[in-house]
Amino acid sequence: SLLAAQQGLKGKVVAWFGLDPVDVDVLGNPSALPGIAGIGVPLGFAGASVPSSCSPADANYEVYFLESSHPSAAITLEGAGHFQFEDESKVVAPSFCTPAGTADSVTVLAEAVH
């Protein structure tokens, strides 16, 4: 969705908010990071404080936030892991992201959808 806001929907999107976005791709898909500073709309990020194999510290929401244009804002959910931003019953291969977060999953999901 961030790539869409930078490209085909540029000028139509008035703001963007991401739940623990990461810039990790093993399939060769384009990255949204290089164009994030020129997106021209307010950006928001809510992210997990626990880096994992799915959300490494060098490619997590904080990296997006640091490269983004302003105004932008970032919120860290302490103790949260990447998959805790999703409905646990819908997560495929939950053991893929290690380590997991230590925060209460119900609380993290509730905060994410607020």
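Predicted model: local features only at pLDDT ≥ 70, side-chain atom pairs only at ≥ 80, totals over all residues.
Two strands count as paired here if DSSP finds at least two bridges between them.

**Entry 1**

I found an open sheet of 3 strands in the order 1-2-3, with parallel pairing. Strand 1 and strand 3 are the edge strands, and each pairs on one side only. From one strand to the next, the twist averages 10°.

Then I went through the pairs. Strand 1, residues 16–19, runs parallel to strand 2 and pairs with it over 4 bridges. I checked two positions there. Trp16 has Leu43 of strand 2 as its bridge partner. Phe17 has Gly44 of strand 2.

On the other side I turned to strand 3, residues 72–77. One of the positions I noted is Ala48, whose bridge partner in strand 3 is Leu77.

**Entry 1. Strand 2**

How many residues of strand 2 are buried? I counted through residues 43–48 and found 6 of 6 buried. I then sorted the side each one faces. Leu43, Phe45 and Gly47 point one way. Gly44, Ala46 and Ala48 point the other way. Both sets are buried.

**Entry 2. The cores**

Next I looked at the largest nonpolar core. It has 14 residues, and Leu2, Ile36, Ile39, Leu43, Phe45 and Tyr64 touch the most other members. Helix 1 (2–6), strand 2 and helix 2 are the elements that give two or more residues to this core. Helix 2 gives the largest share, 3 residues.

I picked Ile36 and listed its contacts, leaving aside neighbours within four places in sequence. They are Leu2, Gln6, Leu43, Phe45, Tyr64, Glu67, Ser68 and Ser69. A second, separate core has 8 residues, including Ala46, Leu77, Val108 and Ala112.

Leu43 and Phe45 belong to the largest core, while Ala46 belongs to the second one.

**Entry 3. Ser72**

Is Ser72 buried or exposed? Its relative accessible area is 17%, and the cut-off for buried is under 20%, so I logged Ser72 as buried. Ser72 lies in strand 3.

I then searched for polar partners of its side chain. The side chain of Ser68 makes a polar contact with that of Ser72 at 3.0 Å. The side chain of His70 makes another with Ser72, at 3.2 Å. The Ser72 side chain also reaches the backbone oxygen of Ser69, at 3.3 Å.

Further along the sequence, I found that Ser72 touches Leu43 and Phe65, not counting residues up to four places away. I also took one C-alpha to C-alpha distance. Ser72 and Pro42 are 5.3 Å apart in space, yet 30 residues apart in sequence.

Where are the cis peptide bonds I noted? One joins His70 and Pro71, with omega about 15°. Pro71 lies in the loop between helix 2 and strand 3. His70 is also the residue whose side chain makes a polar contact with that of Ser72.

Another cis peptide bond joins Thr98 and Pro99, with omega about -5°. I placed Pro99 in the loop between strand 3 and helix 3, residues 105–113.

Last, I checked Asp20. Its phi is positive, about 45°, although Asp20 is not a glycine. Asp20 lies in the loop between strand 1 and strand 2.

Notes. Residues numbered from 1 in each chain as written. Heavy atoms only, no water. Buried < 20%, exposed > 50% of the residue type's maximum accessible area, 1.4 Å probe, protein only. Core = buried A, V, L, I, M, F, W, Y, C linked by side-chain atoms within 4.5 Å. Contact = heavy atoms within 4.5 Å. Polar contact = N/O pair within 3.5 Å; in protein donor to acceptor, adjacent residues only side chain to side chain. Axes fitted to C-alpha atoms, helices over the stretch in contact; angles between N-to-C directions.
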